[in-house]
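Colleague: Can you walk me through the packing in this one? I'd like to start with a pair of rings.

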Amino acid sequence: MRRVRTRSRNSPSRPAPAHRVSVPLGDETNAANNAGTAWLFAYFTGNGEDGLHFATSTDAYNWTRVAGGRSFLTPKVGKSKLMRDPCIVRGPDGTYHMVWTSGWNENNIGYASSKDLINWSEQKELPVMAHEKEVLNAWAPEIAYDDKRGEFLIFWASTVPDKYPAPAESPEGKYNHRMYSTTTKDFITFTPTKLFYDPGFSVIDATFLRADGRNYLLVKDETRVPAHKYLQLAEAPDLQGPFGQLSKPITPPGVWVEGPTAIKAGSEYLVYFDAYKDKHYGAMRSRDLVNWEDVSDKMRFPDEGTAQRIRHGTVIAVPAGAVAQLQAAAGGATTAASPQNYEARVPYQTYFNDYLALRKGRQSDIIFIGDSITEQWRWGAGGPLWQQRFEDRAFDFGLGGDKTQHVLWRLQNFDLSFRQTESGRADDRHR
């Protein structure tokens with residue numbers, strides 16, 4: 001990429017105050033040990049047509065949709081105008097910077113910035129591979145802040161036909177990817193695009209795990225025959241390398257994965273991945289970056305098994321106040337209680353039944369109904385208090401993304417007669 005000014009489309013949005021917190025930058029932040037922070041998962045759904053979505057968690061295991069799963073930014077740049085694989089990092093001044101895949105077969109990527117993750121700058125089309133006339137794509141860009149150099153590193157996967165010989169182990173069809181990169185201090189001028197990482201095979205979806213003062217590059221081996229499709233890890237003393245020897249595959253054998261994003265939560269390293277062939281999200285856990293355990297069954301992601309499920313994105317730590325603002329941004333909700341409003345929340349029925357089965361035979365004299373704040377009382381920061389004061393006497397039917405009209409309809413129409421007081425009588429005080 002030569003030093004060029006970027007092209008932009010879209011109208012500028014109003015400014016908003018930045019969130020400033022004295023914690024490390026990017027997804028290396030340990031939210032569990034920083035009061036007032038939470039995890040935020042930026043992702044896309046479907047093919048990326050409707051843009052940017054968020055999920056949130058306080059424990060890195062139980063995730064709920066933010067603002068009912070609404071899109072916070074609609075894609076405007078690129079020929080295809082998609083927003084796939086969003087990656088966000090917070091800069092030293094508190095500004096969030098995001099890059100994304102703007103289309104399947106394009107030479108550019110998308111970029112936008114925000115002070116609050118709600119009001120975004122005009123979108124820019126970054127022609128990162130325009131100098132390669134035959135390039136097939138620019139996929140899954142990632143962005144990291146390099147505090148050593150005071151600049152942002154952007155890297156992505158591209159195939160330039162005949163640039164690298166196809167190995168005996170065949171890559172994915174016509175694609176034979178390598179990782180490329182550019183850097184910028186101001187998102188106006190960029191250093192020339194260069195080769196960033198070449199492991200000797202087709203590689204995509206690279207991302208950094210930055211923890212404990214060290215850098216680890218996660219990559220996906222895209223070899224199809226014989227099928228690899230797994231993640232590996234390489235340590236580096238610097239974001240620019242050199243990168244050490246790749247580890248053994250860390251993801252489950254036989255599972256085709258993509259889109260990793262990695263954090264350290266407490267003493268655990270967590271690597272989330274999209275098991276795209278099986279259509280579900282999963283995660284691996286380690287305490288030493290050598291031995292890995294599949295903890296997919298311990299994770300709870302919103303909309304699993306539906307067309308709106310989480311797809312390739314990035315987990316970062318943000319101030320809890322930022323999440324509260326995002327939740328409030330749902331806005332415009334009617335307070336009318338109707339069957340139609342309830343039907344829009346069909347997943348609640350499954351959650352309701354599953355929870356009742358789990359609590360079978362238990363008595364309750366309190367029922368909580370609400371959105372993600374209520375839902376996370378049981379496993380978020382309030383978990384210890386819940387276990388001490390409420391586990392044996394209360395039911396929590398909170399569900400992330402619920403709005404006032406959904407709660408009202410439930411109160412008016414749901415049969416909650418299963419609830420028993422200590423005397424064994426059905427209690428209808430909730431009516």
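Modeller: This is a predicted model. Phe196 and Phe208 are both buried.

Colleague: Where in the chain do Phe196 and Phe208 sit?

Modeller: Phe196 is in strand β12 (residues 194–197) and Phe208 in strand β13 (residues 203–211). They are twelve residues apart, and the pair links distant parts of the chain.

Colleague: Why is the pair of Phe196 and Phe208 called edge-to-face?

Modeller: The planes of the two rings are at 75°, which is over 60, so the pair counts as edge-to-face. The ring centres of Phe196 and Phe208 are 6.5 Å apart.

Colleague: How many aromatic pairs are there by this rule?

Modeller: The count is 22. Ring pairs also join Phe41, Tyr43, Trp63, Tyr272, Tyr281 and Phe301 into a cluster.

Colleague: Switching topic. Which residues touch the most other members of the largest nonpolar core?

Modeller: Leu40, Leu52, Phe54, Ile88 and Leu117, out of 24 residues in that core. At least two residues of this core come from each of β2 (37–44), β6 (96–101), β20 (311–319) and α1 (320–328). Another core, of 20 residues, lies apart from it and includes Leu126, Phe152, Trp156 and Tyr180.

Colleague: What is Phe54 in contact with, leaving aside its neighbours within four places in sequence?

Modeller: Among its contacts are Leu40, Phe72, Ile88, Leu117 and Leu326. Thr64 and Arg65 are also included.

Colleague: Which charged residue lies over the face of Phe72?

Modeller: Arg70, at 4.3 Å from the ring centre. Lys229 has its charged end over the ring of Trp256, 5.1 Å from the centre.

Technical notes: Residues numbered from 1 in each chain as written. Predicted model: local features only at pLDDT ≥ 70, side-chain atom pairs only at ≥ 80, totals over all residues. Heavy atoms only, no water. Core = buried A, V, L, I, M, F, W, Y, C linked by side-chain atoms within 4.5 Å. Buried < 20%, exposed > 50% of the residue type's maximum accessible area, 1.4 Å probe, protein only. Helix = DSSP H or I, 4+ residues; strand = E, 2+ residues; numbered from the N terminus. Contact = heavy atoms within 4.5 Å. Phe/Tyr/Trp six-rings, centres within 6.5 Å; stacked < 30°, edge-to-face > 60°. Lys NZ or Arg CZ within 6 Å of the ring centre and 35° of its normal.
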